[in-house]
Amino acid sequence: MIYRKLGSTGAQVSAIGIGGHHLGDVTTLDEAIQLVHEAIDAGITFFDNAWEYYNGKTETILGRALRDGRRDKVFLMTKVCTHGRSGKLAMQMLEDSLRRYQTDHLDLWQIHGIVYDNDPELAYAKGGVLEAFDQAKKEGKVRFVGFTGHKDPTFHLKMLELGYPFDTVQMPLNPFDSNFHSFERQVLPEVNRRGMAALGMKSMGGTAWGIKAGVVQAEEMLRYAMSLPVATTICGTDSLHVLHQNLRVVHSFQPMTQSEMEALRARCAPTAADGRFEPYKVSLRYDNPMTRMPHGFPFDDTQREVTEMLDQASGPWLVPETTPVTPGR
Amino acid sequence: MAEQERQNQQGEAIPELDRRSFMQEGMASAGAVIATSALRRQIAVAAVPSQMTNKGADQISRRVLGKTGEQVSIIGLGGYHLGTVHSRDMAVRLVQEAVDAGVTFFDNAWEYNDHRSEEWMGLGLQGRRERVFLMSKVCTHGRDKNVAMQQLEESLKRLGTDHLDLWQIHEVIYENDPELHFAKGGVVEALDQAKKQGKVRFVGFTGHKSPVIHLKMLAHDYPFDTVQMPLNCFDATYRSFEQQVLPELQRRGIAVLGMKSLGGDGQPILYGVVRAEEALRYAMSLPVASTICGIDSLDVLRQNVRIAHGFKPMSPQEMQALRDRCRSSSGDGHLELFKTTKKYDGKVGREQHGYPPPEQLPI
């Protein structure tokens, strides 16, 4: 496994991470736990998640997989999902996450889904989520903090300009991105200039449609993302097969040369230009309903995540473990 | 407004707005004060009305078209919707009545409705051509200038004229469009050639997708006379043309043509966010030369003419209040589906780019 420095934090993390959302897509709980164990055995330390994924199911799965002495082998992250609501609600969400993880602290806590024009202002508002960051750090419940979002580089830049000392910034990074509302061109240099750690995600374009269309191959996409100046690349891993495939790429990893990267960007440019291979940037259907709801935006009940959210049972093999937080109070 | 009427007949399409009240309280108290003041600072630049020749309470006022020396009516007749009218005779009557009411700005595009839009407008303008400022758009979507010149001849023939007052590059909406249009032998060379031949007087470009792409076009410093773009009270918080492109056009003295004043499909009116009249008045109060309106019936025409008669621009305070009112519901772009979906992207353009049609995309 390759390890890299996490910005200016002094911590090191594995060059690929396990994405939390896809843990909820693994067929059985046993396979999900096995996936986490194998990943740790292979040297992966970075584990992503969010309070709102599958109504908390993915945090609970990860918590189960990490008990029995594995918690201290990983760099554990989750995201807080206030979406503009109060710091007090954020602290309640943190308690939920810690309980599901069966741990007393997170290594990294990030604001989930900075995807709307007013999200930066809401995050920075008095009584907002950033005050919860300060408090959680002071109480020793989180070591480092950051934010995430998949929509538009403008919002990321606004978050940075407003000046909070984030440790990490998570964003979509792939060769389509470099041609369309580009995080790579606009945000990545700024994050590195500030000594923060960049966390890459959506290395396959979120839905892998560019791969299915035959424009690019999975391996070169992952290699491209890993060749950028990032601390880690978070990979949606929903089966042991995918885990093994990603590990193979890491084991033989050599960073792409500048000219290889340029050639790949150029290959992607013509199909990147309408954004369909990065649907999270253009389509309303890739905004999590839990993100839309606090903003008062209507949502589409044919969308998978909406079904998930409305499905209180959360799957036959796992009873929801936590009492829902009363939002907005 | 045509859409508004149509949508109103489909009551079941109204989304459940009750959800909106759910969970909003905490958020409003946390952010509203900072949010509003920050937005106000960003927008103040844009709210300067441009010169208007007020022609009295029963006349449609005109405004100067950038640096061209021309004047055009403050509302324009959109070509796309003309081709969706149920009969040719009705379309002809609509054009004639619009001209007689004092509408001078006529919009169209080579590709609208399999050319029906241009043909019907041509018929309606017989004997009235000299009373209007006639525009059409060229639809190369990346192809070369010969295609453009061929399309120009076809547009002239269908519109029944020997020249266009304005010829614009249609639908600059893909990230690589500016590069394709300015390529050697591309459509921009056709603009030069057509001007030289006297077949078009002025030139510009249009697009409904992203301010970034408009700015890329402007960065080439070509002397465009006009730029057309979506302008409405929902635009300010999502990939905003008003904030990002409008000031740049004013700085360059290029005429601004507004479109999609009702959000493209009238949905915001259906949602109850705004009324049609205030949405149109907002768009017309911006520093634009004309606001192009989708008009597909005499009712809609008469309604818009009524709004235009004796039009007084909204005050900056009224405009700000309207933006503030729209803000909470428009920040994700769902009231401007031309920006957030592919369903407004024309078939010819997608084909030329090698993109699948919107109905094949799950986005």
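Two strands count as paired if DSSP finds at least two bridges between them. With that in mind, let us walk through this predicted model, starting at strand S9 of chain A, residues 197-201.

On one flank, S9(A) pairs with strand S8 of chain A, residues 168-172, in the parallel sense and over five bridges. Here Pro172(A) stands opposite Met201(A) of S9(A). S9(A) also has strand S10 of chain A, residues 232-235, as a parallel partner, this time over two bridges. In that pairing, Leu199(A) has Thr232(A) of S10(A) as its bridge partner.

Because five of the five residues of S9(A) are buried, the strand is largely enclosed by the rest of the structure.

Most residues other than glycine have a negative phi. Tyr54(A) is not a glycine, yet its phi is positive, near 45 degrees. Tyr54(A) sits in the loop between strand S4 (46-47) and helix H3 (57-66) of chain A, and it counts as buried because it has 23 C-beta neighbours inside 10 Å.

Asp68(A), also not a glycine, has a positive phi of about 65 degrees. Look for Asp68(A) in the loop between H3 and strand S5 (75-80) of chain A. With 9 other C-beta atoms within 10 Å, Asp68(A) is exposed, whereas Tyr54(A) is buried.

Conventions. Residues are numbered from 1 along each chain as its sequence is written. Chains are lettered from A and ligands numbered from 1 in the order in which they are written. This is a predicted model: local features need pLDDT of at least 70, side-chain atom pairs count only at pLDDT 80 or more; totals for chains, interfaces and linings use all residues. A residue is buried if 20 or more other C-beta atoms lie within 10 Å of its own, exposed if 12 or fewer, and partly exposed in between; C-beta atoms are placed from the backbone. Helices (H or I, at least four residues) and strands (E, at least two) are DSSP runs, numbered from the N terminus.
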